[in-house]
Amino acid sequence: DITFIPTLIDKISKFTNIFKSNLPNLPYLQTAFIYILTAHFAGLPEICIKLKNLAADQLVSINIFNLDSPNSNFTLNHPFFKPFIKSLNIDINLLLELTRKMFWEFHYFDILIGTADGKTISKLSSPNKSLSSYININYPQNESIFNYNLRSNCTHLLNLSIRFNISILNHDNQDSINLNYNLVSVLITKWEMILLNYSLLNSNGIVNNSIHQSILLLQYCKIFLNRPFSYIYNLNDSLKHGVCDKINSIPYTLTSLKDPLITSFTLPMGDNDDENLNSLNSLNNHSFKLSKTWICINAANKISKTLIDIQTDNILSTTPLFACTLSLASIIHISSYIWLKNLKSDNDNDNSKEIDLLVEYLSLELNGILFFANHWSRPLRLFQNLSLAINQSSPDLIHILINENPNFKNYLLNNDILVLDNLSSDDNIEDFTPNFVHRMFDFNFIV
């Protein structure tokens, strides 16, 4: 209900003024986190981020990272617990557990928000390869309900993936890029293997949200790690082997990146007169880039498949942030659809089955987003933005999706599809792909 928004803005504004003028305490931070989530799902990103940053600053100011350290001063008399001092029978262990859970929920949300632009580092994150913190995350008695340890480590891995993305944007040296790539790749595989020991649904068919969120986080990591070196990073890149070694449209292209996981030699930086060596490098460039592309596509597929695994009746029992993850998968599938269509056009390859499967995954993701759109305005906006992106980047695809999902028309903005009726079936798809999908990654679009 859009009439709720002005009331929500007013309430958050009043609370923020109180929040800023008081010392940090547990009830205020718990309330702040509720307002942060509400603002996010209500489609108020600026208000959400402003309050989120304020809350993160307050957590850092009380040195929350030493909550469970040997020298911790978080006792019942700590100002952070002041509102509870009047309660005679309050248990300090209960307050500490509430604080830990509040922190790790905030840690998860804050790092996930950083994926919106791919370069925002949470103030609550760590640059180390392991999750180093004096805040306990082990709750073995509740692991079957929610495994904080598992999700927190997967969240930390996403933090490392974002830092890797920043190292590319900052043109860090090649050896550092290679080392970090290998490190994060190994960690992703390790945690995927650990996740195999856990079930997404319990014996009663109820979703374990910590397992679900951990699975999604690892797919985020794969996409952030591999997409810069894939064919779907820049849709204007040539798809032909012969010019792969001349692509220079991204900071670290395949001409300057040595991938220790695939090739054992450094690809040349410039032109080489040896025709055979050029051919070999071109082939390795293509194989490398193709591998990264399909890692991204398979990660997006796995995000979509969790909709099948948890079943329709359980979708709304998951976090509404699931809609944001489905949006990321949708963007990968939109990009992949364009790439495969161009590939088919250039090489006369029969990619029909792969293309049809991408369309089905995309339909599934958009329908999943609409589940949440009936309750929150942000998922509805995500759906409309994605529809507009598809319309502008691949008009034939929006036709297919609407024909197969007539319910989509009920959620589209009135002017989203106006251009479609004016397009000829002979129009080249490349005319509608001026890096539109690529640019969506630069906006606060996904989360």
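Close-up 1. Phe-146 is buried, at a relative accessible area of 16% (buried means under 20%, with a 1.4 Å probe and protein chains only). Tyr-148 is buried too, at 10% relative accessibility. This is a predicted model, in which local features need pLDDT of at least 70 and side-chain atom pairs count only at pLDDT 80 or more, while totals for chains, interfaces and linings use all residues. Residues are numbered from 1 along each chain as its sequence is written, and side-chain values use heavy atoms, leaving out hydrogens and water.

**Close-up 2. Aromatic pairs.** The whole structure holds 22 aromatic pairs (ring centres of Phe, Tyr and Trp, the last by its six-membered ring, within 6.5 Å; planes under 30 degrees apart are stacked, over 60 edge-to-face and the rest tilted). One of them is the edge-to-face pair of Phe-74 and Phe-81, 6.4 Å centre to centre with 65° between the planes. Phe-74 is buried at 6% relative accessible area, and Phe-81 is buried at 0%. Phe-146 and Tyr-148 make a tilted pair, at 4.7 Å and 50°.

**Close-up 3. An aromatic cluster.** Here Phe-15, Phe-19, Tyr-28 and Tyr-35 come together in one aromatic cluster.

**Close-up 4. Arginine over a ring.** Arg-151 lies over the face of Tyr-108, 4.3 Å from the ring centre (the cut-offs are CZ of Arg, or NZ of Lys, within 6 Å of the ring centre and within 35 degrees of the ring normal).

Conventions
Buried < 20%, exposed > 50% of the residue type's maximum accessible area, 1.4 Å probe, protein only.
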